[in-house]
Amino acid sequence: MTDDTGTFVDPLDLAVQARRQRRSLRRLGRLIGRSTRLVWASGRGLFVALGVIQVATAAILAGQVLAVEAFLSAVLVLGGGDSIRPLVGPVALLASLLAAAALLGSVQGYLKRYLGDAVARRTQLEILDVATRVSLREFEHPRFYDAVQRVQVSASTRPMQVTQALLAIVGSAAVTVGVGATLAAIDPLLLGLLVLGGLPLLVTNRQESRLEFAFTVAQTYPMRERGYLTYLLTGRPESKEVRAFGLGDPLLRRLDTLWGRYRHDLARHLRRRGGLSLVGNALSALVLGATFLVVVLLIARGRMGVAEAGAAVVAIRMLQGQVQGLLAGVQAIFEAGLFLDDVDAFLAMGPTADDAESGTPAPATFDRIEARGVRFTYPGSDVEALRGVDVEIRKGEVVALVGENGSGKTTLAKVLAGLYDPTGGEVRWDGTPTTALDRSSLRSRVAVIFQDFVRYAFPANENVAVSDIGTAIDERRVRRAAADAGADAFLTALPEGYDTMLSRLFRGGRDLSGGQWQRVAIARAFYRDSPLVILDEPTAALDPRAEHDLYASLRRVLDDRSAVFISHRFSSVRSADRIYVLDDGQVVEHGTHDELMAAGGLYAELFTLQAEAYLSPVRTDGA
Ligand SMILES: Nc1ncnc2c1ncn2[C@@H]1O[C@H](COP(=O)(O)OP(=O)(O)OP(=O)(O)O)[C@@H](O)[C@H]1O
Ligand SMILES: [Mg+2]
């Protein structure tokens, strides 16, 4: 979650903001409007049906008071030995009203569940839409994950909470008016007292909402910690290592400790919330007691008949529930409001500069891409990963990046792929700085496969075609890309060929070896029809023959596309048109293999080291 300046809002600030929120009528109106629009859009028919049920329920409740009064009146005029026929009507009425209320109650339950799900679906999609659009930078901040976690829960439950509260308020208000009028007719003082009894709750409820919000915000991070441990203990790739290292018990203990900490916090939270609730309800009960006392006094003074008194007691009991329901409704809306503001802030998170969707579309092809003095610092880091890098890629060229671990190769690949804007210097496509180009069109011109490419739990053909998912899968192109990447033979041999699910997570799924997966990823890069292909260590897991074949055919496969590839194996780097040697975020040398060898710098040193390791006799003396 970010504020206007793009910096993260601390959860503590959230709590402070929440405290500042006024419970004004305007805010209430805004919250109701926002939630109702969402629920309406998610399922208007269900929403209307629920409204109708709510009003009908209110009418039934008011009818019950009248039925009780009729029943008591009939009982009171009944002499010994009289027929009980006059009672039948009121009893039958009361029984049918009770049955109708129960029936409506259960129908309402089902409808609410179904509507709630419609709302959850809509909001989930909204949130994931934002999550796939926000800048990659957000993913460098733990607080982003907190926000995602929190808003997913809030967005799927809170709007429905507001709507339910709204429906309840409508219902309660209808009953309160109906039954209240009946009660006021009996004695206005009773109605006044009842309303008074609601006031303490109004105050304590407000405090409770804030406690709840603060608790949720504070618990998001610990909840993610527990979630991560659960994921480690249940994930498929993790399962091997968890067993091999005997991590099961220690991780379970760690999880248990975290749960213990949470339960401790929860107990404290519940005590505080419970205390507030106790105070509010005790004060309300006191006023209610006083109300009943007034009824007794009125009977004693002969100002109220017994039937009237009976009806008054039922009405008071009913109204008290309704007034509380009304207040609870208002409270629920304000409480949900705190969470919804949080959700709205998340949804308002726009793309940052790296993702500008304005600017001219990137050209379909290029003659020359140049990086000039490119610097890059990861968000939240204070060390530069790139410190003034110059590279050049011409149409149809194969360019290699080499350098030791952490020298900045992957970072440069991300900048060249348009995933990050440089923090200094620029990348130019035929002279146009990439910052002037529409970033999504820029990315569409690049096919990049990272070291940690994704193994999608999708069928094989989709695993290749994900790189161009916008169009229908072209099976012929999939096969050609797979063949070029050396993946066709083993994919064809799968039980269902290219339709085989490549994951054991789903039915009929198969898994591949590490090198086979890497070939699928390379096929992915070839499938995408883009003028620049970037491969970050594409052959690290390939066997020597597969690697040799790949590089031998690379130029033919690329046709006139350009490629940037990163490799630690100098045998594959040799044939590149130009090699850039990175060291500590800078290009320290560049040129062809022969030029670099002749220069006798870092490249020559690393190359010789590797070549010698292959050819020199094995040393067993440990020296
Ligand atoms: N997400 C990140 N946040 C902060 N620093 C990072 C991040 N990713 C990488 N770095 C740092 O940036 C520097 C360059 O990393 P980079 O991944 O580009 O290296 P590399 O040359 O690809 O290394 P390797 O050969 O191990 O893949 C390293 O010091 C690394 O620790
Ligand atoms: Mg790397």
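Me: Why is Thr410 called partly exposed?
Reply: In this predicted model, Thr410 has a relative accessible area of 23%. Buried requires under 20% and exposed over 50%, so a value of 23% places Thr410 in the class in between.

Me: What makes Thr410 and Gln451 the coordinating residues of the magnesium ion (ligand 2)?
Reply: The atoms OG1 of Thr410 and OE1 of Gln451 lie at 1.9 to 2.4 Å from the ion. A donor must be an N, O or S atom within 2.8 Å of the metal, and therefore both atoms qualify. Since water is not among the atoms, the site may look incomplete.

Me: Why can this pair be said to tie parts of the chain together?
Reply: Thr410 belongs to helix H10 (residues 409-416), whereas Gln451 is in the loop between strand E6 (446-449) and helix H12 (460-465). The pair therefore joins parts that are 41 residues apart in sequence.

Me: Which accessibility class does Gln451 fall into, and why?
Reply: Gln451 has a relative accessibility of 41%.

Me: Why are helices H6 and H8 called roughly antiparallel?
Reply: Helix H6 (residues 188-234) and helix H8 (residues 248-300) pack at an angle of about 175 degrees, their axes being 9 Å apart. Angles over 145 degrees count as roughly antiparallel, so the term applies to H6 and H8. By class, their contact has 25 nonpolar, twelve polar and eight charged residues.

Me: Is Glu537 buried or exposed, and is Asp559 buried or exposed?
Reply: Glu537 has 14% relative accessibility, which is under 20%, so Glu537 is buried. Asp559 has 62%, which is over 50%, so Asp559 is exposed. Asp559 lies in the loop between H16 and strand E8 (562-566), and its phi, near 60 degrees, is also positive.

Me: How do you know that Gly337 is buried?
Reply: The relative accessibility of Gly337 is 0%. That value is under the 20% limit, and Gly337 therefore counts as buried. Gly337 is part of helix H9 (residues 306-347) and touches Arg27 and Leu31, leaving aside residues up to four places away in sequence.

Terms used
Residues numbered from 1 in each chain as written. Chains lettered and ligands numbered in written order. Predicted model: local features only at pLDDT ≥ 70, side-chain atom pairs only at ≥ 80, totals over all residues. Heavy atoms only, no water. Donors = N, O, S within 2.8 Å, 3.2 Å for Na, K, Ca; no water. Helix = DSSP H or I, 4+ residues; strand = E, 2+ residues; numbered from the N terminus. Buried < 20%, exposed > 50% of the residue type's maximum accessible area, 1.4 Å probe, protein only. Axes fitted to C-alpha atoms, helices over the stretch in contact; angles between N-to-C directions. Parallel < 35°, antiparallel > 145°, perpendicular 65-115°, else oblique. Nonpolar A, V, L, I, M, F, W, Y, C, P; charged D, E, K, R; others polar. Contact = heavy atoms within 4.5 Å.
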